[in-house]
Amino acid sequence: MKLLLLEDDDLLAESLAESLKDNGYRVDLAASLRDAEALSTTETYALAIMDLGLPDGSGLDLLRRWRQSGRDLPVLILTARDTWEDKVVGLEGGADDYLTKPFHEAELVARVKALLRRQSGRLSHQLTLGGVALDEANQCVRVADGTWHPLTGTEFVLLRYFMHHPGRVLSKEHLLNQLYALEQDAAAPNLIEVYIARLRRYLGKSSIQTRRGQGYVFVAD
């Protein structure tokens with residue numbers, strides 16, 4: 001899953017991006033409202049983390065525009081504004097959660113996971129679909145015979161994305177976009193083939209089907 005982090009403190013943004021990456025997320029960074037709005041029109045994100053005090057205005061202005069346009073992207077506000085009045089304004093402005101600075105990065109990661117579980121309608125850390133169970137906390141997968149297999153970071157990210165989009169044809173380019181943040185060097189499209197081959201060894205070839213000339217489909221039944 002790819003996240004958008006809107007934060008103008010470079011050191012904080014880089015530290016948070018690294019923590020989120022360690023937990024299987026890919027993060028695009030934006031330091032201004034203009035950058036965040038541009039990214040949100042071209043990229044697909046599962047969640048946004050948003051500071052309020054930015055060089056070109058308040059993050060709440062962007063959030064209100066998103067909500068008025070019908071965009072239901074989960075948003076976690078991250079700010080130094082810590083009065084209860086500020087929290088009420090943020091939540092009523094469309095935020096899904098509110099975390100004040102200073103904070104522990106482990107708490108932010110936990111809140112991100114909770115928001116994403118809520119968005120997908122799940123209550124646990126385990127995602128189960130088509131006889132496959134993915135443990136997001138431990139980054140491992142249980143297959144039909146009940147065996148658990150540990151996954152590499154990239155295998156985990158790729159399988160989680162497939163399981164959140166069952167039955168949908170996903171092109172190599174789209175999958176690469178979800179696996180790598182914008183600032184990372186572009187990977188070769190055949191890298192997707194390598195990781196899908198690894199996942200098929202765990203899940204069976206029929207779980208991830210190839211659509212020639214189109215991409216891949218995770219089959220849920």
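**Note on the predicted model**

1. The largest pocket has a lining of 15 residues, and those nearest its centre are M1, Y45, A46, Q119 and H165. A pocket here is an open set of points on a 1 Å grid over the protein atoms alone, where a 1.4 Å probe fits, with protein on both sides within 12 Å along at least five of seven lines; lining residues have an atom within 4 Å of a point. The space in this pocket is about 290 Å³, a volume being the space filled by probe spheres set on the grid points, which are joined across faces, edges and corners. Helix α5 (105-120) supplies the largest share of the lining, 3 residues, and both α5 and α6 give at least two. Helices (H or I, at least four residues) and strands (E, at least two) are DSSP runs numbered from the N terminus.

2. The model is predicted, so local features need pLDDT of at least 70 and side-chain atom pairs count only at pLDDT 80 or more, while totals for chains, interfaces and linings use all residues. Residues are numbered from 1 along each chain as its sequence is written, and side-chain values use heavy atoms, with hydrogens and water left out.

3. The largest nonpolar core contains 26 residues, and L159, F162 and L203 have the most contacts inside it. Such a core is a set of buried Ala, Val, Leu, Ile, Met, Phe, Trp, Tyr and Cys residues joined through side-chain atoms within 4.5 Å. Two or more residues come from each of β9 (132-135), α6 (153-164), α7 (172-179), α8 (190-203) and β13 (215-218); α6 gives the most, with 7 residues. Leaving aside residues up to four places away in sequence, L203 touches V132, V141, V143, L159, I208 and F218, contact meaning heavy atoms within 4.5 Å. A second, separate core has 21 residues, including M1, L16, Y25 and F103.

4. In α7, the buried residues are H174, L175, L176, Q178 and L179. Buried means under 20% relative accessible area, exposed over 50%, and partly exposed in between (1.4 Å probe, protein chains only). The cover over these α7 residues includes β1 (2-6), β2 (26-30), α6, α8 and β13.

5. Is E7 buried or exposed? E7 is buried, because its relative accessible area is 3%. This residue lies in the loop between β1 and α1 (10-22). The side chain of E7 makes a polar contact of 3.0 Å with that of K101, and one of its polar side-chain atoms is 2.9 Å from the backbone nitrogen of D9. A polar contact is a pair of N or O atoms within 3.5 Å; within protein, one must be able to donate a hydrogen and the other to accept it, and residues adjacent in sequence count only if both atoms are side-chain atoms.

6. The peptide bond from K101 to P102 is cis, with omega near -5 degrees, and P102 lies in the loop between β7 (97-100) and α5. Q139, in the loop between β9 and β10 (140-142), has a positive phi near 55 degrees although it is not glycine. Most residues other than glycine have a negative phi, and most peptide bonds are trans.
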